[in-house]
Amino acid sequence: MSSIEGAKQVVDRMSQEVGKVVVGKSEEIKLIFACLLAGGHLLLEGVPGVAKTTMARALASSLSLEFQRIQFTPDLLPSDIIGTYVYDQKASDFRLRKGPIFGNIVLADEINRASPKTQSALLEAMQEKQVTIEGTTLKLPPPFMVLATQNPIEFEGTYPLPEAQIDRFLMRVRVDYPSRDETMQLLKNLKSIHEWKINSAVDQKTIDSLIELRWNVHVEDTVLSYIIDLVEESRKHKSVRLGASPRAATSLQTAATAMALIEGRNFVIPDDVKRISTHVLAHRIILNQEAILDGVTQEAVVDEIVKSVKVP
């Protein structure tokens with residue numbers, strides 16, 4: 001892939017392949033792909049059965065990337081994620097047995113069911129793109145993205161993610177129920193979904209070139225000022241106890257450049273920022289107690305902020 005304009009063609013081919021098994025989630029698929037190009041991680045929230053795992057697996061298949069799935073449970077250990085050294089009797093030596101973290105797209109299914117100690121095993125991988133096993137530091141294969149899921153309704157037997165870990169996710173995307181028409185299409189295509197005939201839409205070399213191309217996407221100073229205004233306004237909102245950090249500002253810019261790229265543009269427009277603002281900012285702000293008691297949501301607060309800040 002040698003041109004930014006051609007990036008949109010890659011997205012269209014990828015969306016077409018994923019659409020064979022995932023119905024009506026085109027925007028969610030684009031957000032996940034943008035997150036991958038931006039070098040970030042994504043938190044998917046939704047009740048069971050809305051195709052969160054299917055989306056991750058289908059995306060990896062269409063992009064020719066290695067997919068690994070980790071089912072988080074209360075008894076899961078850090079070594080179950082990153083791996084450990086085991087004794088090889090034939091060689092009379094210890095050899096490394098890599099864990100499932102060594103993949104390109106790693107699905108951390110129901111991440112909030114694991115203990116805080118196990119959840120912390122992901123922090124180094126997410127932030128540094130590496131893991132340390134028995135004092136040995138190993139780089140993870142690029143591109144690398146953690147795609148975590150959690151059920152926002154069921155809290156029994158779960159451990160809330162600490163703020164430090166939530167902040168490591170570039171985006172949080174909520175997956176809702178499909179519409180009636182989408183459910184009808186899903187039922188009609190049940191056989192083809194079961195057969196899982198997803199072709200590779202792009203090779204890894206092309207993905208690597210797209211990741212490099214993202215750095216060529218230009219952001220005007222007026223758009224940068226708009227990003228700063230959104231972040232600063234989140235700290236002043238009456239319902240917010242702790243507003244967005246500087247990392248939120250860099251995440252907004254990074255995600256916006258990725259969205260511009262997949263739309264075939266080499267420049268960011270304010271609509272790119274507005275499009276991803278809820279997904280980037282909502283999970284990074286902490287509401288005050290009064291807002292929580294009134295049933296105010298983080299998404300609603302970000303929507304108010306976006307409406308109140310003047311668009312350049």
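Both Asp272 and Arg265 are buried, where buried means under 20% relative accessible area, exposed over 50%, and partly exposed in between (1.4 Å probe, protein chains only). The two residues form a salt bridge, with their closest N and O atoms 2.8 Å apart; a salt bridge is a side-chain nitrogen of Lys or Arg within 4 Å of a carboxyl oxygen of Asp or Glu. This is a predicted model, in which local features need pLDDT of at least 70 and side-chain atom pairs count only at pLDDT 80 or more, while totals for chains, interfaces and linings use all residues. Residues are numbered from 1 along each chain as its sequence is written, and side-chain values use heavy atoms, leaving out hydrogens and water.

**Salt bridges**

- The structure holds 15 salt bridges.
- Arg69 and Asp109 are joined by one of them (2.6 Å, N to O).
- Arg69 belongs to strand S2 (residues 67-71) and Asp109 to strand S5 (residues 105-109), so this pair ties together parts that are 40 residues apart in sequence; helices (H or I, at least four residues) and strands (E, at least two) are DSSP runs, numbered from the N terminus.
- Asp109 is buried, with a relative accessible area of 8%, whereas Arg69 is partly exposed at 42% relative accessibility.
- Glu27, Lys30, Glu263 and Arg275 are linked in a network of salt bridges.

**Helix H14**

- In helix H14 (residues 298-308), the buried residues are Gln298, Glu299, Val301, Val302, Ile305 and Val306.
- Seen down the helix axis, these buried residues fall within an arc of 160°, so they line one face of H14; the arc is that of the directions from the helix axis to the C-beta atoms.
- On the other side of H14, Lys307 and Ser308 are exposed.
- Glu299 of this helix also meets Arg172 in a salt bridge (2.7 Å, N to O), which links helix H14 to strand S9 across 127 residues.

**Nonpolar cores**

- The largest nonpolar core has 77 residues, and Met14, Phe33, Leu63, Met171, Leu252 and Val273 have the most contacts inside it; such a core is a set of buried Ala, Val, Leu, Ile, Met, Phe, Trp, Tyr and Cys residues joined through side-chain atoms within 4.5 Å.
- Helix H11 (residues 246-262) supplies the largest share of this core, 10 residues.
- Apart from this core lies another, of 25 residues, including Leu43 and Phe169.

**Charges over rings**

- The charged end of Arg57 sits over the ring of Trp196, 3.9 Å from its centre; this requires NZ of Lys or CZ of Arg within 6 Å of the ring centre and within 35 degrees of the ring normal.
- Arg265 lies over the face of Phe267, at 5.7 Å from the ring centre.
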